[in-house]
2 protein chains.
Amino acid sequence: DEPPQPNPEDPYAKDPSRHPALHVNTLKPFNAEPPVELISENYLTPSQLFFKRNHLPVPEVDPAAYRLRVQGASGKTLSLSLQDIKKKFPKHEVTAALQCAGNRRGEMNAIKNTNRLGWNVGAISNARWGGARLRDVLLKAGYKQDDEGHVCFEGLDRDQSGTVYGASIPFKKAMSPEGDVLLAYEMNGEELPRDHGFPLRVVVPGIVGARNVKWLAQITVGPEESQSHWQQKDYKGFSPSVTWDTVDFSRAPAIQDLPIQSAITEPCQNASVSPGELTVKGYAWSGGGREVIRVDVSLDGGKSWKVAKLTGEEQLPGRAWAWKLWQLNTCVPAGTKELNIVCKAVDTSYSVQPDTVKPIWNILGVLNNAWHRVRVFVEEE
Amino acid sequence: DEPPQPNPEDPYAKDPSRHPALHVNTLKPFNAEPPVELISENYLTPSQLFFKRNHLPVPEVDPAAYRLRVQGASGKTLSLSLQDIKKKFPKHEVTAALQCAGNRRGEMNAIKNTNRLGWNVGAISNARWGGARLRDVLLKAGYKQDDEGHVCFEGLDRDQSGTVYGASIPFKKAMSPEGDVLLAYEMNGEELPRDHGFPLRVVVPGIVGARNVKWLAQITVGPEESQSHWQQKDYKGFSPSVTWDTVDFSRAPAIQDLPIQSAITEPCQNASVSPGELTVKGYAWSGGGREVIRVDVSLDGGKSWKVAKLTGEEQLPGRAWAWKLWQLNTCVPAGTKELNIVCKAVDTSYSVQPDTVKPIWNILGVLNNAWHRVRVFVEEE
Ligand SMILES: [Mo]
Ligand SMILES: [Mo]
């Protein structure tokens, strides 16, 4: 059999090739996450394994012809080439995790299907980003520290009707000297890959993935949030009682900051483990620059807890944008047939994760940060 | 019988008189909370009903002789009279809730006694505070916006060995133009009452009560947190697995920012209610200036939820220091004998409360923000 030929009328025909280990949720647009067992193998997720969350086809961009439009404070629009962005602004590097609001939606779908991407625990990854500070670009465009409103981004990715991806963040976050918001052209020390926004993307540390606009085309500043579908009619949290018949999108704020999160990446769900020594591994992260200060792990479904060992680069206070990996070396009690492994994390505001998924279930299937649970079977000796 | 005569050797003999409705946890030092049914009667808690959390006897202070010592950046100490503080710095007003870290400890004690104050849901109250900005005083004392470290406070309250109450907050919070940290001399439009720190106290919006030092004697700035017992060996959070034999206080950060909280104040625990219309009321608050965006209420122990109506003054983004009151007008389903009323709140970081108390139980009995539950009986028609 011959391999399938690309269809030139397929808007996704020019999408890049991807790492074969990725678990694909949808091919068009491409949405995929790394295999669970690889997630905590690296503090910095290799770019090829970093989760991909595309809303539209990956645009083809000629870096020489690329221009970023920035609406200036005076009304005049700045047009910046890639070289302008690299040479006219100091390069700033930040280690930050990005998490999709839909991370762990699979567990929500298991309660009641949202008919949206059934992410496992891999819609979060951690990378080293390099680029210009958005703050420096906004200052160059004439904005002042005390200006207000929202900074709106548009991507070069568009559907066949011409709708482009868009999102916004508060001006205060964009302009804060401690906000570390980047216009990134590097990921893990290399040129930004096409799937991650080549040649330029926004990286908004501590804020939901959806605002980290890729293939950045345009920046505007105004009194209103982005009017895009993704800012107005998606990426918001609702009570479990809200249905598609009763939902009022104007009543919930657009997700920015995300709550404390953690997951178990080893052992895998339904794995068999040997009696005796057991290593449990995972990640933990919180939004808003809050640092993860503790991860508790239970082997008995949450009745008793042990404290895991955390690892990760030191981060500045209030600017803990990166995740932490954690590990617990423990022992499977003799006579145990099954373990119900649970993890839960705590951040610097002493915020904790809720025990169960159902009371935070919502029609969009976002914001699942319930305790993560993995059942494993203990082999007979 | 004659009333008991004050003992002049009792260090608490000069404590002020208090409102008779308060529920007293300990008399010496005085620790008391308002009756549950009064908590949500007022958006601004009347000062007499505002929870009292004293660690030591209430000092007697002559306002004319009072001086605040502020260690200056150059090493020279400023001495400020009450008039200096009122006249030399602009008066700033802030509505902020204060919450004791031990609020709702009674529910933790019911699981396993911590032998510490068994607060019900009333160790939180909301007031309008007026005073000088700490930031302005620090600037006057020669500190710069970009200085670092911690601002340490000492009170005039002391035990018989001479130990004074002390605590600290990060310099960044103290100096932030948006931190709204006050040296308050007014509470709800009147002179600060003795139980709340007359003539001057610190109000640190969004931060645990314990750092809001009353009867303020001294401010110093340094690279280390306060060395006081209350900063170093109390007001920290630990895993439920940590015991007094294994606790290592150096491993947990001092609580500053507090997590999302809510409680039901009406109906009362074990109350009888009529079938038909039912009003459920309560409060909700989150630390760090995060705004409460939603409160979910369940009548069936958490199986199904309704969204409550929130009320409260508008607050600036990231500066939501006040609590919100909430109310649900609902109906008791016919044939119901008992209701298990539950509430849980969500803040702007979409942080939620954990389902149950036991997995967050800790030896200090702090940080109980599990769903609040009230059982009521439905009268027969
Ligand atoms: Mo996302
Ligand atoms: Mo407290």
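This is a predicted model: local features need pLDDT of at least 70, side-chain atom pairs count only at pLDDT 80 or more; totals for chains, interfaces and linings use all residues.
Which element gives the largest share of the lining? That's strand E17 of chain B, residues 292-298, with four residues.

Now, the two chains. Chain A superposes on chain B by a 180° rotation with 0.0 Å of shift along the axis, and the RMSD is 0.0 Å. So the copies are related as by a two-fold rotation axis. In chain A, the residue that comes closest to that axis is A:Pro354, with its C-alpha at 1.9 Å. And 100% of chain A's interface residues are interface residues in chain B too, so the copies meet through the same surface.

On to the aromatics. Over all chains, we count 18 aromatic pairs. Take A:Tyr283 and A:Trp323: ring centres 5.4 Å apart, planes at 20°, so under the 30 degree cut-off they're stacked. The two are 40 residues apart, with A:Tyr283 in strand E16 and A:Trp323 in the loop between strands E19 and E20 of chain A. A:Tyr283 is buried at 0% relative accessibility, and A:Trp323 is buried as well, at 1%.

Over in chain B, the rings of B:Phe238 and B:Phe249 have planes at 85°, so that pair is edge-to-face. Both sit in the loop between helix H6 and strand E14, 11 residues apart. Last one: A:Phe50, A:Phe51, A:Trp119 and A:Trp129 form one aromatic cluster.

Note on methods. Residues are numbered from 1 along each chain as its sequence is written. Chains are lettered from A and ligands numbered from 1 in the order in which they are written. Side-chain values use heavy atoms; hydrogens and water are left out. Copies are superposed by least squares on the C-alpha atoms of residues with pLDDT of at least 70 in both. Contact means heavy atoms within 4.5 Å. Rings of Phe, Tyr and Trp (its six-membered ring) pair if their centres lie within 6.5 Å; planes under 30 degrees apart count as stacked, over 60 as edge-to-face and the rest as tilted. Buried means under 20% relative accessible area, exposed over 50%, partly exposed in between (1.4 Å probe, protein chains only).
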